[in-house]
Amino acid sequence: MNVLMLLKPKETVKYIFDYNTLRQGLEKMRVHGYTAIPVISDDGKYVGTVSEGDFLYYIVDLRNSAITEKEKHRVSDIIRKNFNPAVKIDVTMEELLNRAVNQNFVPVTDDLGTFIGIVTRQDIIKYFIDEASHNK
C-alpha cells in the first residue's frame with residue numbers, strides 16, 4: 001500500500017506558519033480543537049510540529065501572561081528539534097505505524113521537503129485492522 005492512499009492533502013489540513021505569532025498559533029489551535037499542529041515555512045517546507053505544551057512551557061518561561069507579549073514572539077521560537085519528523089511518500093506502512101505511536105499524525109513531505117499533508121493515527125490503525133480482517 002502506498003502512503004498516498006491514506007494522505008490528507010495539505011489543502012484539507014490546518015497548519016500554521018513559522019512566522020506566525022504565538023497568539024496566532026494558539027488561536028488557530030484553539031479554534032480547531034487541536035493539541036498539536038504542523039508548522040510550515042513561507043515557501044511550503046515542513047518545519048516541525050508544535051503542541052499545546054510547547055506553547056505553555058514557552059509562555060511560562062516568559063513569565064508574562066499579557067496577550068501583547070504573545071505577539072512579540074514567533075512560532076519558530078518554540079519548535080523542538082526532531083519532534084514529529086516528516087516522512088517521505090515512499091515510507092513503509094510499518095514505519096508509518098511506528099511514527100504514529102507517539103503522535104496523532106505523521107507529516108508527509110515530498111523529496112524536496114515540501115509539506116504535502118498528513119496521515120492520521122486513526123487512518124493508520126484502520127488500515128492495519130482492515131489488513132488483519134482480510135488475512136483471516
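Axes are taken here as lines fitted to C-alpha atoms, for helices over the stretch in contact, with angles between N-to-C directions running from 0 to 180 degrees. Helices (H or I, at least four residues) and strands (E, at least two) are DSSP runs numbered from the N terminus. The model is predicted, so that local features need pLDDT of at least 70 and side-chain atom pairs count only at pLDDT 80 or more, whereas totals for chains, interfaces and linings use all residues. Residues are numbered from 1 along each chain as its sequence is written, and side-chain values use heavy atoms, with hydrogens and water left out.

The axes of helix H4 (residues 93–100) and helix H5 (residues 121–134) come within 10 Å and cross at roughly 135 degrees. The two helices are therefore oblique to each other, a class that holds the angles left over when those under 35 degrees count as roughly parallel, over 145 as roughly antiparallel and 65 to 115 as roughly perpendicular. Contact (heavy atoms within 4.5 Å) is made by Met 93, Glu 94, Leu 96, Leu 97 and Ala 100 of H4 with Arg 121, Ile 124, Tyr 127 and Phe 128 of H5.

An open sheet of 4 strands, in the order S1-S7-S6-S5, shows mixed pairing, where two strands pair if DSSP finds at least two bridges between them. Strands S1 (8–9) and S5 (87–88) stand at the edges with a single partner strand each, so one side of each lacks a neighbour in the sheet. H4 packs on this sheet, touching S5, S6 and S7, and its direction makes about 130 degrees with that of S6. H5 lies across S1, S6 and S7, running at about 60 degrees to S7.
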